[in-house]
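The reader may wish to keep the structure in view throughout.

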Amino acid sequence: MSQTQVLTPEGIDELVAALARATPRTRLLAGGTDLVRELRRPGDEPDVLVDLTGLTELAAVRRDGATLRVGALATFTQLQWDPLVREHALCLSLAAAQLGSAQIRNAGTIGGNIANASACADGATALTALGADVVTLDGAGETRTRPIGEVLLGAGRTSLRHDEAIIEYAFPALGSEHRSAFAKIGSRTAVSVARLSAALVVRFDAVAGVLAEVRVALGAVGESAFLVPELERALEGRAADDESARLFAEGCVAAVQASIPGRYSLPYKEQAAVGLAYDAWNMLALSAPSEPAWA
Amino acid sequence: MQLVLTVNGMTYEVEARPTARLLDVLRDQFGLTGTKEGCAEGECGACTVIVDGKAVNSCVMLAVQARGKEILTVEGLAQEGELDVLQQKFVEYGAVQCGYCTPGMLMSAKALLMGNPVPSEQDIRIALAGNLCRCTGYTTIVAAVKAASGQVATPLMELPAAPEELAAEVVTDPATLAAACEIVEAETGAPVGVPCLPGDDADADPFGGPGPGSSGSRVTPEGGE
Amino acid sequence: MTEDLQYVGGSYPVHDVAQKVTGELIYGSDFSVPGMLHAKLILSPIPHGIVRRIDASRAEALPGVVKVLSHENAPMDGFSRARIHPGQDMSFYDETLFSDHVRFVGDRVAAVVATSRATAVAAAALVDIEYEELPSMLTVDSALAPGAPAIHEGGNLLFEHEIEKGARPDLDGAVIVSTTASTPRIHHAALEPHVCIAQGHSTGGMTVWTTSQGVYAARTVIAELLGLEYHRVRVIKVPMGGSFGGKTEYIIEPVCAFLAHATRRPVKLLLDREECMIATMVRPATRTAIRTACTPDGELLDFEAASTLDSGGFAASTPDYSIHMCKKVTKVYRVPHYQHAGRAVYTNTPVGGAARGWGAPEMFAATEVHMDRVAAALRLDPVEFRLKNMVEPHETDLVTDLPLGDARVRECLERGAVAFDWAARRARPAGRGRIRRGVGVAAGAHKNGMYGAFPEASRMGLKMNEDGTFELNASLHEVGCGIVTTMRIIAAEVLGVHPDLIAAGEADTATTPFDYGTYGSRVTYVVGACARAVADKVKDRLLTAAADLLQEPVESLYVVDGAVRVRNDGERAIAYRDIARLSEMRHVPSIAASTTYYAVSNPASYSVQFAEVEVDCATGLVAVTDFLAVADVGRAINRGMVEAQYQGAVQMGIGYALYEHLDVDERGRAGIDGFKNYHIVNAPDMPDVQVLLVEHEGDDGPFGAKSVGEIATVPTAPAVVNAVNNALGTELADLPLTPERVIAALHGEEAAPCSSC
């Protein structure tokens, strides 16, 4: 029978105290949409569940100068509709909107999404393209900030210590010169784990008419979401035209091929990546929608 | 662990296992079996309830997470015996077949209308994307939700007839009834004494003798009122 | 429409709708009795092996665990989960309560009975079981390979049969076309998981509450296994959340009853979704090869088929299923010569068995995809080609030799083509862009009961209460499609009262007369006809009694609105309640009757369905953007429900065509995680389905009605597949059309074969 204890800290101090007592078998409960499912499987039960539901201060989204800070307990529904997210991190809003069902979005959190570290996590793709830092709090009351790429180590693996909780994400707020997009390909239109996802953040220099900064993140085609720096460099300085769209698509395909060579799903994903790339590119709306020739 | 939960406007104190899901407490401890378990994974939506105005899957939420929040289940939709407009429309639009997905559908739809009173068809389908149905193909359900939001849709079903309407039916005319009673008395050689039934004169003595102002269907040995 | 009917043809909600929308209805999974224990099954994690050792000591030491049962302490008599009658032909007694020779991942090895579900689950993880693994055969081909180890005595070719009817004409100059098509293993995906509750009594008897589709047959299996006489075993049908054939066979009733018997306590066995997917039954995977010959003008000369069906670890009903696959094509098409070789094969995979349509969706998936290829080879439009070969009303089925009855498939196709604007849509170019559009059509047929293959009858009683209401006493098995309501409507029409004045319950072997149950598309046609017959008898009694009381000849009387009236004398009428009360005092038979109705025919029901799709050539995702189902229903008893059933049936068929497949990996495990990656169509992906009813009332069903529930899903998948092939210019024939398969076909490549067959 389950021996798991549940702690319900109210306030940061109680959270720190709970984290201080954490063991490697302690788990942090945010929305529950991943963790409560797993609790059903026998074996490996947590000694303690720290229920974060009461820490409402960790759900806030706020602008901190040039930085946008998104609380770890913000739900996907919140992120989908929050005006700050829509204005300064649109790709995150789009990713949230396409994740799961309404019920999952209402409960699932952006903190849980990263901590769970599914290879297909849509939040991870968007945050990676946004260049997000992960801010954590530990049992000694210390906060640490590190890039998301240093937190996500692989499918189901993070560098988080057992006494460490994600409390927020911080990234440069996108401004009026920025455009961002998120696209995903699932097994169906809605309520599907991503088979492929892409997030694209660009700063467009309207005076020069070129893509001044580009960040491209791909998800669900590797252990975790990753940036594609060679593709970013290839696009920076280019006009936002059909040729750039084509390069972008080619670059995505190449990145997919490099990431999952020999995998059973590669023949499909390298074709589907073309569609994914054009979907993301056209969402930027920097030019008339681009269309390649299809088979 | 001791939990205080507010469900359908009532506050309950309950002793629950720490890792009990909200679904388990609702069904097994509060006897509210309207919320169903279809998959235990947050995929089918049969367990949908509303927590602080938002639809959630109660199978992937621990009961402890719902502390201090307003929980609404399907049992809480009807008020004082009056069906919620959504429930009414589900009946009128034939949106119920086996009915197992129905509570979850109702709760997702209720949450939708609470936040978006006049949803488009696409809004409805997206709100119900996490509620699976294997019987209906969703068309009647979507129509019912649309109708509940006041948007025009053509009802499919004839409503179940109200019991009062059915009961207020045929009454045998007194002359015919009297003649029939005589026939029976002649046949059996015994007086016909018929006990009171609902609709008959409530003041009459049920064990014999005419009562004042007896109704047409009350038969007496004298054969009429 | 011939008669002017008052109730038949209206639209009524299901009889228990009020309880369903309030959450009040107690389904099997909600049901409990005092003192009830909970059971958890322990299933084999390997696809093939021998159970060498079971150590339940750690489990039994857990507080709250009552007992652990397995082959070591359970009767090991073989039984058939599909048997309807004792002594029935083609019953394979190859299954036992628990297996000591496990034959698929999901095979029952043991069960824990405990005081709570959580305890039972925890204890199940503590039972140590040692297996000796045997080589496993996960495909039909590997199971039939020479030297393959036998899964059951007698080898892995479970069953084979061949039929040949008619004479092959001269095929000189004929156009020959061949197709091989495959359909996957499917999960029925009823929203309510499988559940059973059983209670043993000190009298030596047993009560079983179940969501089975046939309580009487379940009783025979349970009684025999436990050595009880039938009158001691009471099996009661409780409300269920859908079945689609997945609860026809007695999968968990025997083991649940045994657990109750062994512990002398009430026991509830409720499966979780994963167990439902792998440890109950699946729609069997099939592979069918078809070869036809046609004249150059498109007249069918010859139809040859060979189908293989994956039976999984037990026989269940697959031999019968395989035979039924042979009886489909000639219900729709006229052909001088039909030959069909069928076989069912054991493999180490989940057990295949009864599923909605019983071989028709499988066979028509192959046939209708093939027919489009033939049409293409002949340069004929698919509708035109089919019209050249479709049966007319009252022809005889070449294979079964039974009259097809008022077969309106041709009319369905013609009217559907007009309503769907087929010609214009077909003429529209698919396009070469990313999104390509196409349309497809498919026809299908199904039966109406088991007459001609099996003794087919139903029995019912009907009585009038003292206040003029009625009670129908019948072994109804409501699966969610409105069966109880249908019977009430039929009786109401005969008796001249509103259906709400007629009560009808569900099956209980102790109190309701024998009926097989809900399957074989027998309910409207045979059970409904019985309802009509028994209502007619009661009406006779009513009229006879009224004739005495009104002193009028019976011929001058008629029933309407709860009273008996005299023709041409509007004044004189006697209400039912008065007839009831007065009749009770007389020495006359009561206003009640029972009857046995013997089926006299087994016509075909038909549907022709049209799909429009948009295919995304980048992602391979297919959207069904429009859908029309034309239904030859004879007469709709409950019009709204017929339409609603068709809409749901199309959801199942679209899933069959595009999304659903329960495959196993190289370790025999289903690589799916419940509904997370077993996708049934959800609301955003479901089109609005238009339903067009064709009603000619030409057969022996009540008021001319024919079956609806199964035929509705028969042609859906091939209509969608044909539409996709039209959009892309491909020849896809292996279901489902996953995005991988679509993309591969677009690029002229082979996608990975379906691992089901």
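The paragraphs below take up the chains, domains, elements and interfaces in turn.

The model is predicted. Chain C has 19 helices and 26 strands. A compact globule with 757 residues would have a radius of gyration near 27 Å, and the value for chain C, 27 Å, agrees with this. Along the principal axes, the C-alpha trace of chain C spans about 85 × 75 × 50 Å. Of the 757 residues in chain C, 66% are buried. When contacts in chain C between residues at least 6 apart in sequence are considered, 80% of them join residues at least 24 apart.

Chain A can be described in the corresponding terms. It contains twelve helices and 14 strands. The globule rule gives 19 Å for 295 residues, and the radius of gyration of chain A is 19 Å, so chain A is as compact as a globular protein of that length. Its C-alpha atoms fill a box of roughly 60 × 45 × 30 Å along the principal axes. Buried residues account for 52% of the 295 residues in chain A. Among contacts in chain A between residues at least 6 apart in sequence, 64% link residues at least 24 apart.

Chain C may next be considered by domain. The assignment divides chain C into domain 1 (17-23 + 452-598), domain 2 (31-134 + 194-270) and domain 3 (286-448 + 601-746). The C-alpha centres of domain 1 and domain 3 of chain C are 37 Å apart. Where these two domains of chain C meet, 17 residues of domain 1 are in contact with 22 residues of domain 3. On the side of domain 1 of chain C that touches domain 3, the elements that give two or more residues are helix H14 (483-495) and helix H15 (523-550) of chain C. H15(C) gives the most to this side, with six residues. By class, this side of domain 1 of chain C has seven nonpolar, seven polar and three charged residues.

Which elements of chain C do the buried residues of H8(C) pack against? Helix H8 of chain C, residues 318-325, is mostly covered, with seven of its eight residues buried. These buried residues are C:Thr318, C:Pro319, C:Asp320, C:Tyr321, C:Ser322, C:His324 and C:Met325. They pack against strand S7 (157-166), strand S14 (300-312), strand S15 (337-346) and helix H10 (360-377) of chain C.

Three strands of chain C, in the order S4-S2-S6, form an open sheet with antiparallel pairing. Strand S4 (101-102) and strand S6 (128-133) of chain C stand at the edges with a single partner strand each, so one side of each has no neighbour in the sheet. Strand S2 of chain C, residues 49-55, pairs with S6(C) in the antiparallel sense over six bridges. Within this pairing, C:Tyr131 in S6(C) is the bridge partner of C:Val51.

The interface of chain B with chain A involves 24 residues of chain B in contact with 25 residues of chain A. On the side of chain B that touches chain A, strand S4 (54-57) and helix H4 (121-127) of chain B are the elements that give two or more residues. S4(B) gives the most to this side, with four residues. By class, the side of chain B that touches chain A has twelve nonpolar, eight polar and four charged residues.

B:Arg17 is located in the loop between strand S2 (10-15) and helix H1 (22-29) of chain B. B:Arg17 has 18 other C-beta atoms within 10 Å and is therefore partly exposed. The C-alpha atoms of B:Arg17 and B:Val74 are separated by 24 Å, and the two residues are 57 residues apart along the chain.

Notes. Residues are numbered from 1 along each chain as its sequence is written. Chains are lettered from A and ligands numbered from 1 in the order in which they are written. This is a predicted model: local features need pLDDT of at least 70, side-chain atom pairs count only at pLDDT 80 or more; totals for chains, interfaces and linings use all residues. Domain bounds come from an automatic or database domain assignment. Two residues are in contact if their C-beta atoms, placed from the backbone, lie within 7 Å. Ala, Val, Leu, Ile, Met, Phe, Trp, Tyr, Cys and Pro count as nonpolar, Asp, Glu, Lys and Arg as charged, and the others, Gly among them, as polar. A residue is buried if 20 or more other C-beta atoms lie within 10 Å of its own, exposed if 12 or fewer, and partly exposed in between; C-beta atoms are placed from the backbone. Two strands pair if DSSP finds at least two bridges between them. The radius of gyration is taken over C-alpha atoms; the globule rule is 2.2 Å times the number of residues to the power 0.38.
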